[in-house]
Structures are given as C-alpha cells and as structure tokens.
Amino acid sequence: MHRLTTSILLGASLVLSSPAAAQGLVEIAQDTTLDGPERIAALTELRRQDADIYVETLAGFLNSSDVELAEYSAESLVNLVVMMGSHDMSEHKHDEDAPRHDMAYVQDVLEVLRANVTNTQPRVRSVIAPFLIGAGNEEALASIAEATSSGEIGEEEALNYFYSAPSDLGSPYLRSYAEGENEELAEQVIAVLASDTGEQTYLRDQILTNAEFTENRRATALGGLARYDANFSNYVVQPEVLELALSLSRVPGTDLNGSSFVQNIVLQEIRQSPELGDFYSRRLDEIGPVFSDTENAVAFRNLTRSLEQKF
Amino acid sequence: MFARSLTNAVFFSFFLASGSFAQSIEIQINHTAALDDDYLCWSPQPARARVLGSVSSDIRAVISSEAVSATSTGQVQFQVVAGNSVSVDDFAPEDTLTLMLPASGEWVDFFVAGKRPSTLTKDVVVQARSESDGLPLGAVQTMVRVRKDARTMTTAERQLFLEVSRTLHDNGDFEKYYIAHEAAFSDDIHFMFRPPHPPLFLAWHRAFLLNFERELQEINPDVSLPYWKFDEPSFLPGEASIFSADFLGETQSSNPVVRFNDSLSTTPNPWHDWRVNRQTRPIERKRVADRAPFFGAGLVQGPIDQNMLSQILGASGNDEHKNAGGDIELDYHNGAHSRILGWLGRGYSPADPLFFLLHANVDRAFAHWQERHDAWDATGTDAKSYHATGSYPGSGSNYLRGSYALDEMWPWNNTHSDWPSGMFFVMPDGPDGAATVPTPASQIDYLNLSGVGVASGACYDDIVYKQ
C-alpha cells in the first residue's frame, strides 16, 4: 500500500508541482516504515521541483529525532555548497557583460549550516562542522570552541573539527591542546603539527626542547619532526639537540618509524662530520643501545668500527 | 627515457625470440614510425603496412594480434574500410586480416582497435605472417591502454601510476592544476544543477583530466589514469582496500593527514609527504571512504549509494545534458567530495591527486550517460549532447564566453577576459600528434564514434566502442 502511494505521489509530482505534491514528498521522506531508497528518491524529486522548499525541508530535518534522516539532510545541504570555491560569492569577478548567476541560495544554505554547527546530534555536527571550519568560517570555529568550553562538545570531538581549520585559524586552538593537560590529546596534536611547515619551529622550540613537558610528548615531537621537517638534519646535529634526540628516541612507546628516522639521520650526520664522529666516538657505549632495531644496529656496528679505526 | 629504452629492449628481445632478425614488412600504428604513439583504446586507429626492400612479387600477409608473453592480457582487432575513417555504424572488426602488400613497397591502410586491455606495458604484437607458411614477416608492439577501476590494477600498475604522478609533482608541473581549478570560479565550471545551469561541468573536467593524463604519459606512456568507483566498496571481495598506506592512502582517526608508507617502509609510497604550496600540511582527508548506507543497515559501500548512478541515468528528463549533468554533479560528484572533505572539500581539491581518480569516475558516469542516450554530437548543434550550442552570442547571453560548445575553453585559451588571467594550459599532443585548444564540443565524442574527428586516446574499461 505504501509503495503504491509512494509511486503515485512520485509520479504525480513529476507533472504537478504544487505545495500539496511537495508536502507529499516531505511525508514520504519522513516515513520510517519505507525503504531508504524510496525516501531518498522523494527528497531528490523535491529538489527538482522546488529548490527553496528542498532547502527548507532539509533544514527542518536537521533536528529530527530520526538521526539518519538528520544526518542525510546535513550531507545533502553540504552537497549543495561544497563546490562554492574559496572565493566570496559577492566578489565574483566577471566582466560587466558576463552573466551573473543567482548564488544567493549559497548564503542561505550556509546560514542553515552555521545555525547547526553545534547541533545536538553528533552525527549532524560531524558533517557540518568540518565543512564550515574547513572553509575558514571563523564564526563556526568560535561556536565549536565555546561549546567545548561549556562541555556541550567533548574535547576529542572538537579537536577533529579544529584540525579542519586552515592552519592560521586553527593554530591557537591546536597549540592549546599541544600544551594542555590531556597527555593523550597533546601527543595526537603534536603528531599533526609536526607535519605542518608553519608549526615546526614552534614544536622544536616550544615542545621538543622544553623540559617542562613529558618525555612522551617531546618524543612525539621528535619523531614527527624527523619525518616531516626538511630542516631537521640541520639542527639535530647540534650536540645538545643530538643528545636529546638520541635520548628521546629511546622513550618506550615512541613512534618506531619516527625513532628510526632520528637514528638514520644521526648515523648519516656522524658519517659526514669528523667533529661529530670525534664527539660520539668517545660516547659509543652510551649511544649504542639507542640503535635497537636490527637494521640500524648493523649500521651502528659498522660505524663504530670505522670510528674506532679513525680515532 | 628509461621507460622508452626498456620498451625498445623488449621490442628487440621479441624479435630475437621469434627468430626474425630482419623485418620484411613494416607496420606502423597512427601512420608514424615513432613507438611512443603506438597506444590504443577501443577506438579504431589508422595503421598501415608495407613491404620493405626489393621483392619480386606481392606478399599476402595475415595480420593478427599476438601476445608478447604468457602473462599478456591485451588484444587488438582489425578492419579495412574504404576511406580514411571508421564510424560506429560501420565498425565491424575481425581478429585477423589478410592484406595483399604490393612488391613496390606502397603502404596498405587498415584500422586497429583495442579488444582487451593490456596490463601495464606493451604486451600485444600486431604481427604480420606469411599467409603461405605462417612465418613472421614483421610486427609492431602496442598496448591497449585504458582507464581501469583502481581496485583491479596490478601492483605494478599501481606503483607506476604513483611514481609517475610523483614525478609530475616533483617536476613542478602539478601546482597549476589546483590553481586553475580554484581560479575557475564555482559558477563557471560547477553549479550545473542550479538555474541557469552553466554547461561546462562535464566537458571542462573531461579536458582537465585528459591534460593531466597526457602529462603523465609524456613521462611514461604506459601509464593511464585509474578511476575510483566511489559508489562501491573500496575493496574487491577478499582483497585489501585501495585506501591503504601502500596505494591511495589511509585515513587516520586521530590525524587529518593521510598516511602513506614512508621512506623507511619496505614499499615506500611515492605519495608520502605530498605537499603543495597552497597548504602547510601534506594531503588531508577527513572521512573514511567506506560507510554503511543511509536509512537502514546494509553492506558497507562507498561514499555514494550504489544505486545512485543508475537512478540518475534513468531519471525522467535526464536524456538531456542539462538535467543529467546537474544530477551527476550534485548527487554523484558533490557527494563524493563532501563525504571525504579535507582537501577534496575545497576549491583547490586537485591538490590531492585522488581528485583525478574521483573525477575519472565522474567522467565515466558522463560516458555511460552518453552511451545510454546516444549523446555524442561533436558539431555543437545538438542541445541534448551539450546544452549551450554554437558559439558565444555576445553580451546578454545565458552563459560566459568560453562556455558555449564551439568556444575555446579557459585555461587552454587565455584570451577570454571573462576568466582569470595568468593561467595558460597547453594540452599535450593527442593520438593525432596535434595539440589543440579544447572546446566543449571537442570533448563530447571522445571515442570518435562519428569517425569525423579524432579519438582522445582515453577510454574506460567498461565502456567499449560499440556494444
């Protein structure tokens, strides 16, 4: 019976664009007894008939107790504007003679999304927040920060949204986690910041070499910088940094690949620098245990022999 | 250069193996002696054969498709037609062809087309044998080079694609793609689904992909652009996801930066630490590629419902480019972008090379629609094939200059003042050897079904020339 009703409504709606037909499609979309594809087809048809009612309907569904419908609506709204580009539509630069398209609805959709960035349903806001914040929407970013401060949104969830922000906007938020009390989140953030060329100097100077932070936090910075910082080999050869790096690369639980990066770079630098070779040849016993994995152990043994012959 | 040398070496080895040290018949594909244009898709391409040296009488030769090795998968087929072209209406290829080659050395024309895709490199030989005793008289190696579902690529094919795209990136030839895409304002190449339905979305992105793929092929002609079938799971039954650290990258739950095998891995991924000037971090993606469908439990699927494309292709009114293009853009293409987000959710989305696999799948959807609705008109006069027909009619028109079927498109033509300046693409040479400034109309009949133009040299593994 339902299927018949749906078919009739969908069929009728093709030839009859009316508020009644639109309302019928809205009811199909809301009917949890129907199959998913039928409900989606009703919304698609509604979009074809009347884009404005479609947006209004989706906006209403964002607060539906049917979480799937709410999430689908959020995704559909984001779909409408995901290709809005990085330019402000009001500054669209065409010649005077060029046709101008009505892009006002983009602003309408963005308004709906902004109003729901802290929607009570995590599945809804997890669609909306990364999109808006990724687009550099400072209002959305501030809303998430406020909701996090008030405890409406958990810190871990918020962190995923802050990651979405353009680096310059997200930086203050991410640094607060890197320096914050939550050790686990701090290490997560540090691992992300290490890949960010705009944050590597901060990580080196404020985290890696800062004895106020835990060894694990600093070791995470070390592993990340070793992997991603193009300047790493320049500053790691400074004896005090090198000593610190070797020490931190032994911290249990350190990212193994990051640790290997450190060790490889150290080996390379020692090979290339007689002064460093001299410095470390006198401390082989201390450095030796750092090179724990098989590949580097072999390399270190060979290096040791060459240093012993040299000095 | 290395790849070219390798190809020549394989070619030479083949003749050693076949025991034929001197060819008595020369075969050319695309009417040139060059080896780097001996690549085929499904479309028939011109070929020719002739007798070499001095012989006393004409030679009857049988032309056939032979495998280079036991692992070869490629196969080609042949046809002789009167005139210089083949259209879909008179396409009737055969597995072998018997040619009478004049003793005078005069060329004899025929057509050759792909029948089954190659795997990785030139694994097919167009072989000429004596009709009387079957001895080999001449040959040329070729490859049926098609765009494949990324899930079906061999490890070697995957590695080649990753390496060649990385080379393009490191050569400094990659940045222009995301810069151009971002500069082409949203309502010029997107938003086809909204009135007044700007027409460029499908045709412009087809040319954009072709430019990218041809640039890759200039580095290594064996490579082709794979597609990410984002409306299906990212893995084939019993196999790993293509979104792994050794292929297209692994999305991490607590880090937006995509994980690729780094240089300490036994299989480093060339896409590791892929950076562009626009961003301070390497590639970021926010969402996983597979998920459960909306409205009810079910099998894991890709970001887009598996029924979406068939619904779009069969929807009422979608026999028109304007409507179908809008639905493909919004429901199919936008959905894929917005469910992955990260770089793919922004105007600079081509900064993530996954963009090109995503869009190859969108372009494949366009090609499926064309096939279903017979929408191949390249003359720029058929609104069903491309709804902004003709040339830019002047101010007051519906669309920007550069959007009409016969207009040259930006950024291949930098003379349109309506578009941003300072970005000029040069489309690499196609199979016909000529670089052209693409128009929307030139992108429509990409397989050259009409027989009056030139096939683009790009084709999909599941859309053949003629059913």
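Which helices each supply at least two residues of the lining of the largest cavity?

## Basis

The model is predicted: local features need pLDDT of at least 70 and side-chain atom pairs pLDDT 80 or more, while totals for chains, interfaces and linings use all residues. Residues are numbered from 1 along each chain, chains are lettered from A in the order written, and side-chain values use heavy atoms, without hydrogens and water.

## Largest cavity

Helices H3 (36-49) and H5 of chain A, with H6 (308-314) and H7 (321-340) of chain B, each supply at least two lining residues. Helices are DSSP runs (H or I, at least four residues). H3(A) gives the most, five residues.

A cavity is a set of points on a 1 Å grid over the protein atoms alone where a 1.4 Å probe fits but cannot get out; lining residues have an atom within 4 Å of a point.

## Second largest cavity

The second largest cavity has a volume of about 130 Å³. Of its 16 lining residues, Met153(B), Glu157(B), Asp222(B), Val223(B) and Ser224(B) are closest to the centre. Helix H2 (residues 155-170) of chain B provides the largest share, three residues.

## Helix H6 of chain A

Tyr105(A), Val106(A), Val109(A), Leu110(A), Val112(A) and Leu113(A) of H6(A) are buried (under 20% relative accessible area, 1.4 Å probe, protein chains only). Seen down the helix axis, the buried residues of H6(A) fall within an arc of 155°, so they line one face; the arc is taken from the directions from axis to C-beta atoms.

Methods. Buried < 20%, exposed > 50% of the residue type's maximum accessible area, 1.4 Å probe, protein only. 1 Å grid on protein atoms, 1.4 Å probe; cavity = no way out; pocket = protein on both sides within 12 Å on 5 of 7 lines; lining within 4 Å. Points joined across faces, edges and corners; volume = space filled by probe spheres on them.
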